[in-house]
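Thanks for coming, everyone. Let me put the structure up, and then we'll walk through part of it.

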Amino acid sequence: MKRMILAGLGMLAFGAIAGSAKAADVTARYPQQPYVKAPLYDQPFSWTGFYLGLNGGGGWGRSTWDRAGDADLSGGVIGGTAGFNWQMGQVVFGIEGDTDWSGVSGTTTTLCAVGCATRNDWLGTVRGRLGYSFDRFLPFITGGLAAGDIRATTPGFAGASQNNLGWAIGAGVEAAIAGHWSAKAEYLHVDLGNFNCALSCGLVTPDNVSFGANLLRGGVNYRF
C-alpha cells in the first residue's frame with residue numbers, strides 16, 4: 001500500500017512538472033501582447049441638414065432717377081435666415097432664404113433741389129449656395145433671386161413704391177463654432193431693377209427710379 005501511494009504521488013508530481021513545461025513552451029511560442037486601448041474614432045464634421053438663423057449688417061449702393069440723377073444709398077439691415085445643406089465629400093450644396101428689414105436709403109439734390117429720396121424698407125433673397133468644406137470651415141459662393149420694395153418720394157408730391165423682383169450674387173465664409181451653432185460673414189450685391197414713379201414724384205413722366213446695393217452681413221445659424 002505504501003508503495004502504491006508513493007507511486008501515485010510521483011505520477012502527480014511528474015504531471016505537474018510536465019504541465020508547467022508545456023505552459024512555458026506555449027508562452028515562449030506565443031508571447032502575450034500588451035493591451036493597447038483602441039483609439040476613439042473621430043467622426044468627420046458634416047454640414048448636411050436644416051438650419052435657422054439671424055443676420056444683420058449694413059449696405060451701400062446707388063439709386064438712379066431719370067430726371068434727378070444718382071442718389072447714394074446707405075443703411076442697416078437685420079432679419080432671419082433659413083436653409084438646408086447637402087454635403088457630398090467636401091463639396092456642399094445648399095439653398096438659403098432670408099427676409100430682412102432694411103433702412104438702406106439716400107437723397108439726391110443734383111437735379112432735384114427739394115431732395116428726391118429713395119428708400120428700401122424690406123429685402124429678401126432665395127439663393128443657391130456652393131461651398132467647399134475644410135472640416136468645420138466652409139467658404140462658399142451664392143446667387144439667386146432677390147425681392148424688395150423701392151420707395152421714391154419728392155417733397156410736395158404723393159410719392160410711390162413698388163415691390164420688385166431682381167437678383168443677388170455674392171460669397172462668404174461660415175464656421176462651426178460650438179455644438180450646433182455656426183457663424184458666418186457674407187457679401188451680397190442686390191439689384192431690384194427700377195419702377196416708374198411718374199407724376200407721383202414730380203411733373204416729369206416717365207420717371208424711372210432704380211435700386212442697387214452692396215450688403216455686408218454677419219450671422220449665426222443653429223443646425224438641426
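Look at the hairpin of strand 5 and strand 6: which residue takes a positive phi there? The residue is G156, with a positive phi near 95°. Six residues sit between the two strands in this hairpin. Keep in mind that this is a predicted model.

Now the strands themselves. Strand 5 covers residues 137–153, and strand 6 covers residues 160–178. They pair in the antiparallel sense, over 16 bridges.

Strand 5 has another partner. The hairpin of strand 4 and strand 5 has four residues between the strands. In that hairpin, D135 takes a positive phi near 60°.

Is L192 buried or exposed? L192 counts as buried, because its relative accessibility is 0%, and the cut-off for buried is under 20%.

So what does L192 touch, leaving aside its neighbours within four places in sequence? Its contacts include L123, A146, I150, L165 and F211. Along the chain, L192 and N164 are 28 residues apart, yet their C-alpha atoms are separated by 5.9 Å.

That's my tour. Over to you.

Definitions and conventions. Residues numbered from 1 in each chain as written. Predicted model: local features only at pLDDT ≥ 70, side-chain atom pairs only at ≥ 80, totals over all residues. Heavy atoms only, no water. Pairing = 2+ DSSP bridges. Buried < 20%, exposed > 50% of the residue type's maximum accessible area, 1.4 Å probe, protein only. Contact = heavy atoms within 4.5 Å.
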